[in-house]
Amino acid sequence: MKFSLCGVTLAICATALTTSLQLQAGTVTNTADSGDGSLRTVLATAENGETIDFHPTLNGATITLTSAELSIDGKQFTIDASSLPSRIKISGNKSSRIFLIQGNANISLNSIDLLNGDTSEVGGGIRLIESNLQMFDCVVTGCSASFDGGGINLAIGATATLERCLIVGNSSDKGFGGGIFIGGATATTIRNCVITGNSSPFGGGLALQFNSLAIVNCTIEGNTGGGIYCVSNSSPQIINSICWDNGGTTAAKQLKSSNDSLPVVSHSLIQGAASAASFGAGNPVTWGPGNLNGTLSENNPKFVAPDADLRLLAASPALDVGNNLAEPGSLDAAGASRIQNSTVDLGAYEGGFTTFAALHPSLDPAGDGNHNGISNLQEYGMGFDPAAAADPTAQPALSMDGADLLLTVNQRPNTLDLSPLTQTSTTLDNSWSALIEDVHYSVSTSTPVNRDRTRWVFRLIKTDPERFYRQAFTILP
């Protein structure tokens with residue numbers, strides 16, 4: 001079901017739009033394991049400083065490795081799939097590790113899904129040795145190793161930054177760290193990441209040895225074998241993070257330390273923990289400022305769907321209680337603005353997600369409580385309060401910026417029951433279609449007004465014939 005709020009008629013001049021595509025050196029053009037245009041061949045021939053990208057026809061495709069892992073030795077480049085709306089997947093086919101990176105290499109991975117890597121050694125998805133790795137908006141899933149690091153293994157001399165990554169469903173059969181293992185004097189930051197559904201005998205989510213990394217605004221939940229395991233002089237800084245339901249409900253299941261390790265926890269929510277004493281004898285933890293009491297039932301983080309959707313509901317105690325000085329980053333794990341209400345939330349997602357029924361249980365969705373011609377449900381979808389006095393800025397609006405035409409709409413970013421649509425048509429019948437960047441608009445900006453509302457401005461591309469615009473919503477199941 002879709003609701004149209006308004007249509008605006010506009011007659012504008014025709015503008016011819018032409019596009020061209022030129023392959024740059026370092027473009028992957030097919031999903032083959034080897035040969036011309038394959039990822040393996042492009043990696044082998046890449047020059048230092050180059051960015052390896054992917055042909056648009058590979059949008060959503062899977063590159064399956066059938067011969068061996070992808071080995072990078074001593075090179076410096078970026079592998080970037082951010083131009084593909086549905087990303088790219090690289091599969092180890094349950095027959096090999098996916099990446100071996102070594103020899104003082106410096107590699108960046110952007111918007112890439114790594115899946116089904118497997119090894120009888122360590123690091124089923126990635127093994128990093130004496131090299132530097134940056135991962136942005138990546139997924140590591142379904143990878144396994146016999147020993148340390150089912151998903152990722154960072155060895156002595158390695159440095160790494162993981163930002164806005166999802167580490168889910170990986171396993172280490174006999175070793176440490178089902179999701180990630182970090183061993184040695186490795187400088188590492190893990191920020192705005194979700195580590196969930198991984199398993200290992202020691203540290204299902206994350207295991208550290210001789211390491212003191214920063215874990216900032218992460219959600220570590222639903223891992224088997226514990227959330228974080230610190231051994232052998234590992235003292236991570238755990239800030240603005242949530243550790244919950246990792247093989248049990250006690251504090252020691254969420255965070256365990258031994259052998260001269262001393263993790264420092266601040267502005268975080270650890271299930272079963274109200275102080276350092278909560279972790280038990282022989283499990284030392286420094287309990288810093290700003291932590292929530294994880295022994296209280298009212299401090300359940302209130303995930304949208306535990307083990308599946310780890311965003312926070314509007315009633316979560318983890319909203320607006322973090323430390324902004326901890327460098328939480330500008331975007332959360334879903335790409336939304338990281339700080340939306342003056343103070344950062346705990347965990348990987350900036351939260352406050354809700355439904356119309358939860359916010360307005362007494363209002364009829366089809367009614368018009370403030371008599372402004374917009375239904376209560378539509379007004380909620382735009383981030384306004386339908387029970388409050390009508391706000392004239394709720395309506396979509398056209399304006400001029402010099403010779404350019406701007407379309408301004410408001411959307412609620414934290415709804416669970418509606419999907420916003422901004423549509424266009426040339427006939428005002430049922431042939432409405434979504435606005436497409438570089439076809440219907442050339443520039444868009446988004447400004448968070450508050451947690452419940454974002455204002456979007458579209459700079460429209462002139463076309464012929466005249467065109468209509470409307471804001472609509474799809475009701476989600």
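By class, the residues lining the largest pocket split into 12 nonpolar, 11 polar and 1 charged. Here Ala, Val, Leu, Ile, Met, Phe, Trp, Tyr, Cys and Pro count as nonpolar, Asp, Glu, Lys and Arg as charged, and the others, Gly among them, as polar. The model is a predicted one, in which local features need pLDDT of at least 70 and side-chain atom pairs count only at pLDDT 80 or more, while totals for chains, interfaces and linings use all residues. Residues are numbered from 1 along each chain as its sequence is written, and side-chain values use heavy atoms, with hydrogens and water left out.

The largest pocket holds about 570 Å³ of space. Of its 24 lining residues, Gln-411, Pro-413, Pro-420, Thr-454 and Trp-456 are the closest to the centre. Strands S38 (418-425), S40 (441-450) and S41 (453-460) are the elements that give two or more residues to this lining, and S40 gives the most, with 5 residues. A pocket, on a 1 Å grid over the protein atoms alone, is an open set of points where a 1.4 Å probe fits, with protein on both sides within 12 Å along at least five of seven lines; lining residues have an atom within 4 Å of a point. Grid points are joined across faces, edges and corners, and a volume is the space filled by probe spheres set on the points. Strands are DSSP runs (E, at least two residues), numbered from the N terminus.

Now turn to the second largest pocket, with about 150 Å³ of space. Its lining includes Leu-166, Val-168, Asp-307, Arg-311 and Tyr-349, and by class it has 6 nonpolar, 2 polar and 3 charged residues. Strands S19 (166-168), S23 (194-196) and S35 (309-312) each supply at least two lining residues; S35 gives the most, with 3.

S40 and S41 also belong to an open sheet of 4 strands, in the order S36-S37-S41-S40, with antiparallel pairing. S36 (397-401) and S40 stand at the edges with a single partner strand each, so one side of each has no neighbour in the sheet. Direction ignored, neighbouring strands are turned by 25° against each other on average (the axes are lines fitted to C-alpha atoms). S36 and S37 (residues 404-411) are joined over 5 bridges in the antiparallel sense, and Ala-397 has Thr-408 in S37 as its bridge partner. Two strands pair if DSSP finds at least two bridges between them.

Next, the backbone. Most residues other than glycine have a negative phi. Asn-192, in the loop between S22 (187-191) and S23, has a positive phi, near 55°. Asn-233 has a positive phi near 60° and sits in the loop between S27 (228-231) and S28 (237-239). Are these two residues buried or exposed? Asn-192 is buried, at 0% relative accessible area, whereas Asn-233 is partly exposed, at 43%. Buried means under 20%, exposed over 50%, and partly exposed in between (1.4 Å probe, protein chains only).

Finally, the cysteines: the structure holds 0 disulfides, a disulfide being a pair of cysteine sulfur atoms within 2.5 Å. For Cys-193, the nearest cysteine sulfur is that of Cys-165, 4.7 Å away. Cys-193 is buried, with a relative accessible area of 1%, and Cys-218 is buried at 0%.

Key:
Axes are lines fitted to C-alpha atoms, for helices over the stretch in contact, and angles run from 0 to 180 degrees between N-to-C directions.
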